[in-house]
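Welcome! Let us take a walk through this protein together, starting with its surface and then moving to the contacts between its side chains.

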Amino acid sequence: MKLVVIGGDAAGMSAASQARKRKGPDELEIVAFERGHFTSYSACGIPYWIGGAVTDRDALIAREPAAFAEAGIAVRLRHEVVAIDLDRREVIAKDLDGGGECREGFDELVYAAGAVPVTPQWARIDAGGVFGVQTLDDGEAIHAWLDREPQPRRAVVIGGGYVGVEMAEAMVRRGLEVTLLEKSPQPMSTVDPDMGERVRRAICGLGIEVRTNAHVQGLESENGRVSAVVTPDETLPADIVVLGLGVRPNTALAQESGIPVGVTGGLRTDLQMRVVGPDGRVDGLWAAGDCVQTVHRISGQPVHVPLGTHANKQGRVAGINIGGGYATFPGVIGTAVTKVCELEVARTGLAEKEATAAGFDYVTASVESTSRAGYYPGASPMVVKLIAERRTGMLLGAQIVGREEAAKRIDSLAIAVWNRMTVEEMTALDLSYAPPFSPVWDPVLIAARKATDEVHASR
């Protein structure tokens, strides 16, 4: 049998590796196509590499093609799959460096093409200095631009989500003057506005100019380089523009091949990561990673949540099943963390607008506390916000904004959301305590107590 993998990053290579663990080269031939120059790298680490916290690009690469070759997995870098023929069971790949095309037959196919940055028409100008941040190749291009003469002095980052705020910090660390543009009232729209306001204040504290409710109309250029970003209110000089406008599933090739997509634009799969079409499973076709639509475990709604954690897990599930084992992917709750210099931001489950859209009636509770006992040196402030269903008290979602040692507390809250615990049940959780690590009442427990009071008062 032969397995062909489209995409050589987290999902695709996890699938290939897991399949290889269960079937040797004499049973299963594996060929992976990757349009870029790298395999199995951490795209999440790119802003920290650009900002200098990570000094070595190769530190972001988990496994190189040579390591896969030793395991009997053939990786063809700089080869872009341009067509899939499901009837003939073959793909056509274009050699991006040498030219020409090749055909590869398959018995099983893993579609792990990832996501592509949202790029509005106004951003597609014939000038250098405009970048998305999706692949390690993108990171290399940004590094090269920042190092070339004349060196950029002014950066405009468009989009205040995870990538936007991380890249804004990276540009500050590189010594640039930075303006962050966000079309919403607050940056970090994945958290509620009250928490987003705290993030905005922290970003401004870094010396970054933050423009909210900002709608970009276009870009200007001079001598082949970007020179300005135009909004209805002003024209902002820019020597480099970073697009942090989000991503969409990279499913154009799948659609051209007759493979249907779901309402989010991602490929629909069953629990084993087999692609599902209008008539059921598509024989021999699997999908994983940022190109996939999944289900939110709390709302029950189809969602597209592009995170490396999900990509690795989905690829693992697909590979186990291809290799003859059994595994399932049960959905997501959208747990994510980021940092802006010393400020940490975390969320899990549903935000208020998501809970409303799902049809929940809910209460909220926010508390201010510290990361350690207040008398212990280094205690830092944090705010924990919980969202609980009004009638049952089931925890629907949680958010944390704080300083050092705040964000990872979201993991205990994610476990509570995942297991549909009530906030009253959470008040009795046996969490660890010692003054260097937590107050005697951990901020999670204090928030659960307050949320329980809100639930009881609303009945």
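Please keep in mind that the model you see is predicted.

K21 has a relative accessible area of 65%, and because the cut-off for exposed is over 50%, K21 counts as exposed.

The surface also has a nonpolar patch, made by Y375, Y376, Y433, V440 and W441, with about 570 Å² of accessible area together. To find Y376, go to the loop between strand 24 (362–370) and strand 25 (381–389). Y376 counts as partly exposed, at 33% relative accessibility.

Now step back and take in the whole chain. The protein chain has twelve helices and 26 strands. Its C-alpha trace spans about 65 × 55 × 40 Å along the principal axes. How does the radius of gyration of the protein chain fit that of a compact globule? For 459 residues, such a globule would have a radius of gyration near 23 Å, and the protein chain has 23 Å, so the two agree.

What share of the 459 residues is buried? Buried residues make up 52% of the protein chain. A254, in helix 7 (residues 252–256), is buried, with 0% relative accessibility. A254 and Y111 are 143 residues apart in sequence, yet their C-alpha atoms are 8.2 Å apart in space.

Next come the charged pairs. Side chains of opposite charge can pair when their charged atoms come close. A search of the whole structure finds 27 salt bridges. One of them joins the side chains of E104 and R76, at 2.7 Å from N to O. E104 belongs to strand 6 (residues 101–105) and R76 to strand 3 (residues 73–77), so this pair ties together parts that are 28 residues apart in sequence. E104 is buried, with a relative accessible area of 8%, while R76 is partly exposed, at 28%.

Strand 6 also holds R103, and its partner E90 is in strand 5 (residues 90–95), so here the parts tied together are 13 residues apart in sequence. The closest N and O atoms of R103 and E90 are 2.3 Å apart. R103 is exposed, with a relative accessible area of 51%, whereas E90 counts as buried at 11%.

Another salt bridge is made by the side chains of D270 and R281, at 2.8 Å from N to O. This pair links distant parts of the chain, eleven residues apart: D270 is in the loop between helix 7 and strand 18 (274–277), and R281 is in strand 19 (residues 280–287). D270 is buried at 17% relative accessibility, and R281 is exposed at 53%.

Note on methods:
Residues numbered from 1 in each chain as written. Predicted model: local features only at pLDDT ≥ 70, side-chain atom pairs only at ≥ 80, totals over all residues. Heavy atoms only, no water. Buried < 20%, exposed > 50% of the residue type's maximum accessible area, 1.4 Å probe, protein only. Helix = DSSP H or I, 4+ residues; strand = E, 2+ residues; numbered from the N terminus. Rg over C-alpha atoms; globule rule 2.2 N^0.38 Å. Patch = residues over 30% accessible without salt bridge, like charges linked within 9 Å, V, L, I, M, F, W, Y side chains within 5 Å. Areas by Shrake-Rupley, 256 points an atom, 1.4 Å probe, with all protein chains shown as cover. Salt bridge = Lys/Arg side-chain N within 4 Å of Asp/Glu carboxyl O.
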